[in-house]
Amino acid sequence: MVVDTLFTGGRIRTFDPEQPWAEALGVTDNRISYVGSLEDAPEARHTVQLEGRLLTPGVADTHNHLLLGFDDLAVSLDQVQSLDVVRARIAEFAETHPELDWVCAENALYSVVEGRRPNADDLVGVTDKPVFITTYDQHSVWLNRPALAKLGILNGGDIAWGNPEVDATTGEPTGWITDFYTSAMTIAGLAELQRDIPMYSPDRRYRKITNSLEMAARVGITTVVEPQVPLAELDLFARAEREGKLTSRTIAAIYHPVGADGDFRERITGAIRETPQHDRFALGPVKLYADDVIEPHTAAMLADYANRPGHRGHTSLEPTEFTKLFVELDRLGYQVHTHATGDWGTQLTLDSIEAALQANGARDARHGIVHVECLAPEDLPRFRELGVVAAMQPRHASPDLVAGTWMDNVGEARWDRAWRFRSMIESGARVTFSSDWQVGEMDPLVGIYSAMTRARLDGQDAWTVGERLDLDRTLEAYTKGGAEAFHRESTVGMLRVGYLADLVVWSGDLYSMEPQEILEQQADLTVVGGTAIHDLRGELNGVAVAAKLSDPAGHGQACSEPNAAQHSHSHIS
């Protein structure tokens, strides 16, 4: 036998229980054709010398919002903790872009104003242009007064893409919009956004997809799940395929608004049936919301928020109606992945999955619960018992993101319920890790570090350290776990003969490093189906995906070329 390419000279972690480690790996055409010792390795037309580096299965980023990647014409507020900096960046952007009717900004922190939510008054005097700002988790929007006027909210008008907050004393809109993302992905919500907000035009949304896929290739991601695609935007992925931009394998989950009826479900079925699917693109999962998010007190909690007595948030639907909807989706054969952050939201989803099993009978559905940020102790074993996938994001557990607002809202007495990675894996549940880009950095090495430390990127302020994981279990959740979450464990997720040759060569041996050193590494080579989609050193005659320069002045994301910017490995103040 002669293989096309032989990898050897480093560490090869297969995650195949029958052969966990190997000295050499061969690829022929698009599949793995040899895994074993160097002594028994076949001849090869081409050899990649690993030189001590680590080779693993490619990363499956099972919750990656391709459609939310950085916009080239939006101000970055990533990790900005000062209102003065927010004001300065928006003012400078408005002045240097007189051709734009709106100033759009992304990734604002809830805690940018201490002790309360931001409001329109915080932006007075910055610019006369309407300002539209999304929070880092995409669940809230911050508007200035010109934006409120432009959208008709000042006059009491409604919007289809969120719920305007009203000051209890004055009765006036504050400029803060809640329940944004669940409303924005409805047919009416998206139509209004596309009509009114330039950042949501089809061309800019398409550019986000392609920018995000370029970044995915650069950081070692071979499979990416876009977790909630509106039916109206499926054609953007068809365009990406036509233009050769679908580099990583892409699975699109269709967003199901909680109030949608049977006609909408028929449309989902029709879209799945009519949309061409192949090894680089698949439809099928359906995305639901059980609740919202903890930061603005809108996630559903079993007990009052620590800093808001008498308030427990809310579920997306009345609980019996939510369960009825879930049972119906299960009956129709869908795999459902449900957003749930509060412990009540998670419990309601588990209850609904159990009700579906009782009503429709057992099947290997692998319904997933996404985030599982706060988990009641009695619900931990139910993931394994019900066959539920815990789709979690290690970076979310970092104090960089949750110190202050999240921690204060939940309260220290419930911190032991937060992001229970280790407990979930040791319970025997299926666990998959992901980035939730662009809520968190797409780079899986940042997530790996976060799972291992539960600290800030500078190593400080580690918390709930009993839930830390070792490198091996973390990597397994990013690779094999991701394949299992979407029924792909027979073709990807392990390095085994006959499997698709989806793999990544890291710049060093991660197993020999301390967590802080891992942050300094990168993907040298990303391979999908035997073809290099990112080749930093030209080892497979591929092309390195160029890292885009971030704009140090905060003038949006574009500097020289329209690629998505990657978050820095440093904490930006």
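Visitor: Which residues do ring pairs link into a cluster?

Guide: Ring pairs join F132, W161, F180 and Y200 into a cluster. This is a predicted model, where local features need pLDDT of at least 70, side-chain atom pairs count only at pLDDT 80 or more, and totals for chains, interfaces and linings use all residues. Residues are numbered from 1 along each chain as its sequence is written, and side-chain values use heavy atoms, leaving out hydrogens and water.

Visitor: How many aromatic pairs does a search of the whole structure find?

Guide: Rings of Phe, Tyr and Trp (its six-membered ring) pair if their centres lie within 6.5 Å; planes under 30 degrees apart count as stacked, over 60 as edge-to-face and the rest as tilted. The search finds 17 aromatic pairs. In one of them, W406 and W463 have ring centres 6.1 Å apart and planes at 75°, so the pair is edge-to-face.

Visitor: Is W463 buried or exposed?

Guide: Buried means under 20% relative accessible area, exposed over 50%, and partly exposed in between (1.4 Å probe, protein chains only). W463 is buried at 7%, and W406 is buried at 0%.

Visitor: Why is the pair of W415 and W463 edge-to-face?

Guide: Their ring planes are at 90°, with centres 5.5 Å apart, so the pair counts as edge-to-face. W415 is partly exposed, with a relative accessible area of 22%.

Visitor: Where does the charged end of R239 sit?

Guide: A charge sits over a ring if NZ of Lys or CZ of Arg is within 6 Å of the ring centre and within 35 degrees of the ring normal. R239 has its charged end over the ring of Y206, 3.7 Å from the centre.
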